[in-house]
Amino acid sequence: MRDFLSLIGHELRNPLTSLKGQIQLVQRQVLRHEAAQDAVPGTMEEMLRRLRSPALQLERFISDLVEAAQLQRGQFRLAMRPCDLAQVVREVVEAQRPAWAERVLDLQVPEGEEVVVCSDAERVGQVVTNYLTNAFKYSQPDNPVTVTLGVETHLARLAVRD
C-alpha cells in the first residue's frame with residue numbers, strides 16, 4: 001500500500017504539471033492582451049476559470065496521497081512554529097473564492113489583528129480548505145458559507161459553517 005501511494009502520487013504530478021503549465025500560458029496571453037489594451041477574449045477567461053479549480057483539486061489530492069504514504073512509512077512530520085492564523089485563514093479563503101465564484105463566502109476574522117498560534121500553517125490551511133470544500137459541496141447552492149475566526153481568552157476558535 002505504501003509503494004502504491006507513493007507511485008500514484010508521483011504519477012499524478014506529471015499531468016498536474018502539464019495542466020498548470022497550460023494555465024500559465026493562457027494567463028500570459030491574457031496579460032499580453034491587457035498590456036496592449038486589447039479586449040481579453042471571453043473564451044480565454046472562461047478557459048482559465050475552468051482549468052484552475054480542477055488543477056487545485058488535483059494538486060490537493062496528490063498532496064494528500066503523498067502525505068498518506070509518508071504517514072504509512074512513519075515519515076510525516078509537522079512543521080510547528082508560530083504563525084498568524086488570521087493570515088492563514090484569509091489566504092485560504094481568497095484562494096478558494098475563484099473556484100466557488102457563484103457562491104457566497106463570508107469571512108469574519110479580527111481586522112488588523114494577528115492571531116498567533118504555534119502550528120503547521122500548511123496543514124492548518126489544508127484543514128480549512130477541506131472544510132470549505134465540504135461546505136460548498138454538501139450544502140444547497142443558495143446557502144452562504146461563513147468562516148469565522150475569534151479569540152476567546154487564550155484560545156483561537158475557527159469555524160466553517162454552511
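Predicted model: local features only at pLDDT ≥ 70, side-chain atom pairs only at ≥ 80, totals over all residues.
**Entry 1: helix H3**

I began with helix H3, which covers residues 85–96 and so has 12 residues. From its first C-alpha to its last I read a reach of 17 Å, which is close to the 16 Å expected at 1.5 Å a residue. I then looked up which residues of H3 are buried, and I noted Leu85, Ala86, Val88, Val89, Val92, Val93 and Gln96. These residues lie on the same side of H3, because they cover an arc of only 160° around the axis. At the start of H3 I also found Asp84, whose side-chain oxygen comes to within 3.1 Å of the backbone nitrogen of Ala86.

**Entry 2: the cores**

Next I asked myself which residues touch the most other members of the largest nonpolar core. Among its 16 residues, the ones with that place are Leu105 and Leu132. I wrote down that H3, helix H4 (121–138) and strand E4 (145–152) are the elements that give two or more residues to this core, and that H3 provides the largest share, with five residues. Turning to Leu105, and leaving aside residues up to four places away in sequence, I listed its contacts as Val93, Arg97, Leu132, Phe136, Val145 and Val147. Apart from this core I found another one of nine residues, which includes Ile23, Val30, Met44 and Ala55.

**Entry 3: the strands**

I then followed the pairing of E4, and I saw that strand E2 (residues 105–108) runs parallel to E4 and is joined to E4 by four bridges. Within this pairing, I noted that Leu107 stands opposite Val147 of E4. With strand E5 (residues 155–161), on the other hand, E4 pairs in the antiparallel sense, and here I noted seven bridges. One of the pairs I looked up is Glu152 with Leu155, its bridge partner in E5.

**Entry 4: Thr153**

My last stop was the hairpin of E4 and E5, where two residues lie between the strands. What did I find for the phi of Thr153, which sits in the loop between E4 and E5? The angle is near 55°, and I marked this as a positive value in a residue other than glycine.

Note on methods
Residues numbered from 1 in each chain as written. Heavy atoms only, no water. Buried < 20%, exposed > 50% of the residue type's maximum accessible area, 1.4 Å probe, protein only. Arc of directions from axis to C-beta. Polar contact = N/O pair within 3.5 Å; in protein donor to acceptor, adjacent residues only side chain to side chain. Core = buried A, V, L, I, M, F, W, Y, C linked by side-chain atoms within 4.5 Å. Contact = heavy atoms within 4.5 Å. Pairing = 2+ DSSP bridges.
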